[in-house]
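Please brief me on this protein model.

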Amino acid sequence: MSKPSVHVLGDLMVDIACGIESLGALTAARGSDLPTHARLTPGGSAANTATWLARGGAAVTLIGAVGKDALGDLLVYEIEKSGVLVNAERVAHELTGLCIVLNERNGERTMIPSPGANAHFSIPDLGLRLDTLKVTHVHVSAYMLFHETSGSTALEYMAYARKSGATVSLDPSSSALVEQHSERLLAAMSMTDILLSNTDEARELTRIMTGENHSFHEVDLKLLSAAMHQREPMVVVTDGFGPVRALYQGDENYTSAVQKIEKVAATTGAGDAFNAGFLNAWLINRQIPNSLEAGSSLAAQVLAHIGATTITIQ
């Protein structure tokens, strides 16, 4: 059986992961020092997903942007070591994307990203280059949709992927940014076959689509499914350590328990790993229960380590 050919579109970042007791401890040290142990790791939702897809056997091309700087060189080198072909635009006037990741002792994390070159991703003559696009599946990290230039490029790429017959998946990426960029996000959903969301993101999408203003809203899988491309829409929603839910073609419901974790080291990248595990299984056998289980299994591996792909640059 030939490998699935997957293009992953989105953010390439260098993560600076710092361990802290809690955000409260950080606040208490305001104006002074808070010593920590830091790790420099490859990151970015798209880069993480691409890495795990390649390790799972897919033929993966990661498409995005980095700066013309040493960090960009290092990031591309580290990602390609996992078997990913990196097709990165080098942006002269911006730094490679950076993200400070604060990992609390209880496993929770807070991210402070600077997108840098990611926001300026564009492909000259995109239409001409994609007319002969040969790819099985395109996965999009919505972080690329959260900026004008990269967002327009991503939507055009998705349209050509659909035209070529490829399937498309979308990760909404950040509940905090969904409303601000809802127009592009909903446009992307209309071209999406598989929505891979966490509960907070799905709840925020539901709230926006219903037009209700209160902060809490139940996730409406059918509503989300109706906003997607109607070839074979599938909504998959993770919920931390709660069961994963999926709705296929608007009427087939699935629920899958997640693996228990003895100790969570950090949550960074767990959602990206779930996406990769799910997609690798789905593209090979198209069995939803097996794909949900594969996603949860890979996410559990990431939760046990600090670093979204368990790689640390020494």
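The points below go from the whole chain to single residues.

This is a predicted model. The protein chain has 314 residues, and 53% of them count as buried. Its secondary structure comes to eleven helices and 13 strands. The structure holds ten salt bridges, and the cavity count comes to two at 30 Å³ or more.

**Overall make-up**

- The protein chain exposes about 14100 Å². Carbon and sulfur atoms supply 51% of that area.
- Contacts between residues at least 6 apart in sequence were sorted by separation. Of these, 72% join residues at least 24 apart.

**Largest cavity**

- The largest cavity holds about 60 Å³ of space.
- Its lining includes the charged-pair partners Asp193 and Arg231.
- Thr167, Ile194, Glu232, Met234, Trp282 and Arg286 also line the largest cavity.

**Salt bridge Asp193–Arg231**

- The side chains of aspartate 193 and arginine 231 meet in a salt bridge, at 3.5 Å from N to O.
- Aspartate 193 lies in the loop between H7 and strand E10 (194-198), and arginine 231 lies in the loop between helix H9 (221-226) and strand E11 (234-239), so the pair ties together parts that are 38 residues apart in sequence.
- Is aspartate 193 buried or exposed? Aspartate 193 is buried, because its relative accessible area is 3%, under the 20% cut-off.
- Arginine 231 counts as partly exposed, at 37% relative accessibility.
- Salt bridges with shared partners join Arg162, Asp193 and Arg231 into one network.

**Salt bridge Arg184–Glu148**

- Side chains of opposite charge can pair when their charged atoms come close.
- Arginine 184 forms a salt bridge with glutamate 148. The closest N and O atoms are 3.2 Å apart.
- What does this pair tie together? Arginine 184 sits in helix H7 (residues 182-189) and glutamate 148 in helix H5 (residues 148-164), so the bridge ties together parts that are 36 residues apart in sequence.
- Arginine 184 is buried, with a relative accessible area of 18%. That value is under the 20% limit, so the residue falls in the buried class.
- Glutamate 148 is exposed, with a relative accessible area of 56%.

**Salt bridge Arg207–Glu179**

- Arginine 207 and glutamate 179 meet through their side chains in a salt bridge, at 2.9 Å from N to O.
- Arginine 207 lies in helix H8 (residues 199-210), while glutamate 179 lies in the loop between helix H6 (175-178) and H7, so this pair ties together parts that are 28 residues apart in sequence.
- Arginine 207 is buried, with a relative accessible area of 9%.
- Glutamate 179 is partly exposed, with a relative accessible area of 47%.

**Nonpolar surface patch**

- Which residues make the nonpolar surface patch? Leu23, Leu26 and Leu34 make it, and the patch covers about 200 Å².
- Leucine 34 is placed in the loop between helix H1 (23-28) and strand E3 (38-43).

Conventions:
Residues numbered from 1 in each chain as written. Predicted model: local features only at pLDDT ≥ 70, side-chain atom pairs only at ≥ 80, totals over all residues. Heavy atoms only, no water. Patch = residues over 30% accessible without salt bridge, like charges linked within 9 Å, V, L, I, M, F, W, Y side chains within 5 Å. Areas by Shrake-Rupley, 256 points an atom, 1.4 Å probe, with all protein chains shown as cover. Salt bridge = Lys/Arg side-chain N within 4 Å of Asp/Glu carboxyl O. Helix = DSSP H or I, 4+ residues; strand = E, 2+ residues; numbered from the N terminus. Buried < 20%, exposed > 50% of the residue type's maximum accessible area, 1.4 Å probe, protein only. Contact = heavy atoms within 4.5 Å. 1 Å grid on protein atoms, 1.4 Å probe; cavity = no way out; pocket = protein on both sides within 12 Å on 5 of 7 lines; lining within 4 Å. Points joined across faces, edges and corners; volume = space filled by probe spheres on them.
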